[in-house]
Amino acid sequence: SIDLSTLTKQTGYTALDYGFVNTSATKSAITYIDGEKGVLRYRGYAIEDVAANSSFLEVAWLLIYGELPTPAELAAFDERVRRHTLLHEDLKRFFDSLPHNAHPMSVLSSAVSALSTYYGDSLDPHDPEQVEISTIRLLAKLPVIAAYAHKKSVGQAFLYPDNSLSFVDNFLRLNFGTMAEPYQVNPVLSTALERLLILHEDHEQNASTSTVRLVGSTEANMFASISAGINALSGPLHGGANESVLTMLGRIRDSGESVERFVERVKNKEDGIKLMGFGHRVYKSYDPRAKLVKESADAVLADLGISDPLLDIARELEQIALDDDYFKERRLYPNVDFYTGVIYKAMGFPTRMFTVLFAIGRLPGWIAHWREMNSDPQTKIGRPQQLYIGSAARDWPQR
Ligand code: ACO
C-alpha cells in the first residue's frame with residue numbers, strides 16, 4: 001500500500017476516490033475482514049467462534065480492550081455497566097418534547113447527543129478516567145434510551161431498569177414489560193438477540209464507524225461522536241437496510257407480485273429499486289454474519305412456533321438471486337441485514353426499531369474505534385481533499 005498523505009505532500013497529487021473505495025484512512029487492530037473469502041474476525045477470533053461462545057459484554061470488552069477478559073474482569077465490567085443504567089429523570093422528560101410518531105433512530109441519536117449535557121464531567125478525550133466512565137455510561141444507557149424510544153412510540157410508560165437481570169434480559173423487559181404485570185424473559189429470544197447483537201458489534205471502517213472516527217478526530221466528546229454514528233447508521237444503504245428489507249418483503253406479499261417479477265424489476269433498475277439486504281462494499285462472497293443470522297432465523301421461528309410468509313419470500317428471493325447472472329456477475333450476496341428483520345419481527349419489535357437494535361449492537365465497535373483513534377499518536381483531524389470543478393475566478397458584476 002502507498003502512504004498517500006506523504007505522496008501528496010511530496011508531489012501535490014491527490015487521488016479522487018468517490019466513496020473511499022480505495023483509501024485507508026487509518027491503521028486498525030480491531031477487526032479483520034477478507035471480503036473475497038467471507039472471513040470476519042474480532043481481534044483475531046473468527047466470528048463463528050465468537051458468536052457461539054461469548055456474551056455481548058464479553059465481546060464488547062474484547063473489542064475495546066484488545067484481549068478476552070478474565071472471569072473477574074468480566075464480572076466487574078458487567079457489574080459496573082449494571083450500576084449505570086438509570087437515566088436522569090430530566091432526561092426522561094426530554095422524550096416528552098418529541099412527537100409520538102418520531103422515528104426511534106432520531107429519538108436515539110438526539111438523546112445520546114443530550115447525554116453530553118448531563119455528563120460534563122466526562123467529556124475530555126485526553127483524560128483516561130473520563131473516557132472510561134463515558135464508555136460505561138454509553139454501554140449502560142443506550143439500551144435504556146432505545147427501549148424508551150420504543151415505549152414512547154407505542155404510548156406505554158417507561159419502566160425502571162431491573163439491574164438483577166442480564167444486559168439482554170433487562171433490555172427485553174424494558175421493551176416488552178409493562179407496569180401492569182411482571183415480565184417473564186423467554187430464553188429463546190434472549191439467546192437469539194444476544195447472538196444478533198454480537199454479530200453486529202464491529203465491522204471495521206463502515207460508514208457509521210468512519211463517521212464516529214471523523215467526528216472524534218476533531219476531539220469532539222464520545223457522546224457527540226456516537227450520536228453522529230447513529231445518524232450515519234440510520235440510512236437505508238447502511239443500518240437502515242434491515243428496516244427496508246422488511247418493508248420490501250411486505251410490499252411483495254401485499255402486491256401479489258411474483259418474486260421472479262420483482263427480481264426482474266430490480267435487474268432492470270426500475271425506479272432505481274434494489275434488492276435490499278443484498279450486496280456489500282467489502283464482501284464479494286457470502287457475508288459470514290448472514291449465514292449465522294439465517295440459522296438463527298430458522299431456529300427462532302421454529303422455537304416460537306411461528307411460520308412467517310415473509311421468511312418464505314426472503315428464502316425464495318435469495319434462491320432466485322443466487323442463481324441469477326445479474327447478481328452472480330456483480331457478486332451480490334445476502335448481507336447481515338437480509339434475515340435480521342424477520343427475527344426481530346418474530347420477537348415482537350416494530351419495524352422502526354430494527355435499526356435501533358443494530359445501533360445497540362454496534363456501540364462497542366464505535367467505542368473501540370473512537371478509543372483506538374484517540375490513543376493513536378498519528379491521528380490527525382480528518383479532512384478529505386476535493387477536486388474543485390467550479391467556475392474559475394471571475395469579477396463581481398457591476399450592479
Ligand atoms: N440490488 C441490485 N443491484 C445492486 C445491489 C442491490 N442490492 N447492490 C449493488 N447493486 C448493483 C449496482 O446497481 C451496480 O450495478 P452496475 O454495475 O450495473 O451499475 C453494482 O451492483 C455495483 O454496486 P455498487 O453500488 O457500486 O456497490 P457499492 O459497494 O457502492 O454499494 C451497497 C454497496 C451500498 C451495500 C449496495 O450493495 C446496496 O445498496 N445494497 C442494498 C442496501 C443494503 O442492503 N445495505 C446494507 C449494507 S450492509 C450494512 O451496512 C450493514
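Begin by selecting the strands β1, β2 and β3, which form an open sheet in that order with antiparallel pairing. Strands here are DSSP runs of E with at least two residues, numbered from the N terminus, and two of them pair if DSSP finds at least two bridges between them. The model is predicted: local features need pLDDT of at least 70 and side-chain atom pairs pLDDT 80 or more, while totals for chains, interfaces and linings use all residues. Residues are numbered from 1 along each chain as its sequence is written, and side-chain values use heavy atoms, without hydrogens and water.

Next, colour β1 (31-34) and β3 (45-46), the edge strands, each of which pairs on one side only.

Now move to the ligand and display the 21 residues around it; K269, K274, L275, G277 and Y326 come nearest. A residue counts as near when one of its heavy atoms lies within 4 Å. This shell divides into 11 nonpolar, 5 polar and 5 charged residues, with Gly counted as polar, Tyr and Leu as nonpolar, and Lys and Arg as charged.

- L237: a backbone N or O atom lies 3.0 Å from a ligand nitrogen.
- G277: a polar backbone atom is 2.8 Å from a ligand oxygen.
- R330: a polar side-chain atom lies 3.0 Å from a ligand oxygen.

Finally, show the ligand surface: the protein covers 73% of the 920 Å² of accessible area that the ligand has on its own, by the Shrake-Rupley method with a 1.4 Å probe.

Note on methods: Polar contact = N/O pair within 3.5 Å; in protein donor to acceptor, adjacent residues only side chain to side chain. Helix = DSSP H or I, 4+ residues; strand = E, 2+ residues; numbered from the N terminus.
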